[in-house]
Amino acid sequence: MTPALDPGEEHAKFVKWAKGKGVTIDGIAPARFVDRGMGIVAARNLEKGDCLVHVKNTSLVHVALPSVKALRLPDNVTVHGKLAASLALWYSDPAHDEHALWQAVWPTEEDFRNTMPIYYNKKLQDLLPIAASTLLTSQLTKLDKDWVDFRPHLPSISKDLYTYTWLIVNTRTFYWDYPDMQNSHPRLPKRKNKLTGDDCYAMCPFMDYFNHSDLGCDPQANSKGYSVIADRAYKAGEEVFVSYGAHTNDFLLAEYGFILESNKRDAIPLDHLIIPLLDGDQTNALKEDGFYGNYTLFAPGAEETICHRTQAVLRLLVLDSKRYSSFVGGNDDGEREQGKLYGYLVGLLTKYSRLVMDILEEVDGLKVDVGPESSRRKTRSSDTEPSLRAGQKDTLTKRWKQIRDIVNGAIDQLQE
């Protein structure tokens, strides 16, 4: 069990503020962990089913709040962008003290610079695993669009501050579909039947302390607010986790800036290995049948090594179109050809394993910036290349080692 430390006076003040705002906290407390930042610990022995925290719907921060509407932000922009703009305006306004105690316990901009790939320099970003790199590209596109949309309306806000609050929203929101509001309430971003996941963002003061685990408490929402119920018994001093969802470590790295040492949900994509091998006819057949792309290799210990979609595409590559059609049509379980298919896949994975080792060697050769000047370098929004930090390099090295182990483990399993 990792020792939990006293988080400090600012966190005690925030807990008092949160309770005054309608947050019910029972049997848990914020704590600081060495080398891991903040989290939640059991303040006493807890039983499965105990309600640990409840954040009233009136305590949530979302775009339907009157205080957000009062900022008169453009209606035709993203909910993510609106929340980031609201936080930036509140954060920079000395007269706005309603959320000051909450803001004081957020991760700092320096914390994000040390952990988030959005702050990696280009050399390190270019060495991200393909799944994390794809997510980062999407992030940067969304951030840049939001900034362009909001910049004329935020003359007093810098790009650096907006990037910081945009990441606060990105890393600390929960899904909220406004169950306490009527279908066509004027403060809703859209009518209820037109809402998408990108419209359903809410920030939950205090609940955002919880760290993620692949197995943890599952936050629950209803019209009264958000709650966390203990998924099992916890001993006093034990860290209590929630699950953000069934996410791979590449997703966690790009979206939250961390990876799990052990992640039962981990997996890596195989599209970059398989799709270049397909000819035009094969590509068309897979698209017509709904089997094009999203080929996945699971971490050792999972119920299966490769997904059903990968089984299908391998049959098209290794066998013939008739055998492939029988498999995707459900007329043939494909058991007879498994050895041949796995032998082919082992060849692909063996080549990829060598590439992973080359990438690890390249990451290892990167020089970390040291000294006080490195901490003063600007973000990607400036002309100065961000510094390469030891924590960033260490995380990327660990991730590539995990990928190496997934690939090599699969090779062993497929050869059994």
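## Cysteines

Cys-307 has a relative accessibility of 10% and so counts as buried; that word covers anything under 20% relative accessible area, while exposed means over 50% and partly exposed is in between (1.4 Å probe, protein chains only). Cys-217 is buried too, at 0% relative accessibility.

How many disulfides does the structure hold? It holds 0, a disulfide being a pair of cysteine sulfur atoms within 2.5 Å. For Cys-217, the closest cysteine sulfur is the one in Cys-51, and at 10 Å that is too far for a bond.

## About the model

What you're looking at is a predicted model, where local features need pLDDT of at least 70 and side-chain atom pairs count only at pLDDT 80 or more, though totals for chains, interfaces and linings use all residues. Residues are numbered from 1 along each chain as its sequence is written, and side-chain values use heavy atoms, with hydrogens and water left out.

## Salt bridges

Side chains of opposite charge can pair when their charged atoms come close. A search of the whole structure turns up 17 salt bridges, each being a side-chain nitrogen of Lys or Arg within 4 Å of a carboxyl oxygen of Asp or Glu. One of them links Lys-13 and Glu-9, at 3.5 Å from N to O. These two sit 4 residues apart in helix α1 (residues 9-20), so about one helical turn separates them; helices here are DSSP runs (H or I, at least four residues), numbered from the N terminus. Lys-13 is partly exposed at 42%, and Glu-9 is exposed at 55%.

Lys-82 bridges to Asp-75, with the closest N and O atoms 3.9 Å apart; Lys-82 is buried at 11%, whereas Asp-75 is exposed at 65%. Lys-190 meets Asp-199 at 3.3 Å, N to O. Here Lys-190 is partly exposed at 36%, and Asp-199 is buried at 7%.

## A negative patch

Where does negative charge gather on the surface? Look at Asp-358, Glu-361, Glu-362 and Asp-364, which form a patch there. Members of a patch have over 30% relative accessible area and no salt bridge, and like charges are joined within 9 Å. Glu-362 belongs to helix α14 (residues 338-364) and is partly exposed, at 47%.

## Helix α7

Asp-149 is found in helix α7 (residues 130-150) and is partly exposed at 22%. Its C-alpha atom is 42 Å from that of Gln-282, which is 133 residues away along the chain.

How values were computed
Patches are made of residues with over 30% relative accessible area and no salt bridge: like charges are joined within 9 Å, nonpolar side chains (Val, Leu, Ile, Met, Phe, Trp, Tyr) within 5 Å. Accessible areas come from the Shrake-Rupley method with a 1.4 Å probe; for residues, only the protein chains shown count as cover. Lys and Arg count as positive and Asp and Glu as negative; His and the chain ends are not counted. The place of a charge is taken as NZ of Lys, CZ of Arg, CG of Asp or CD of Glu.
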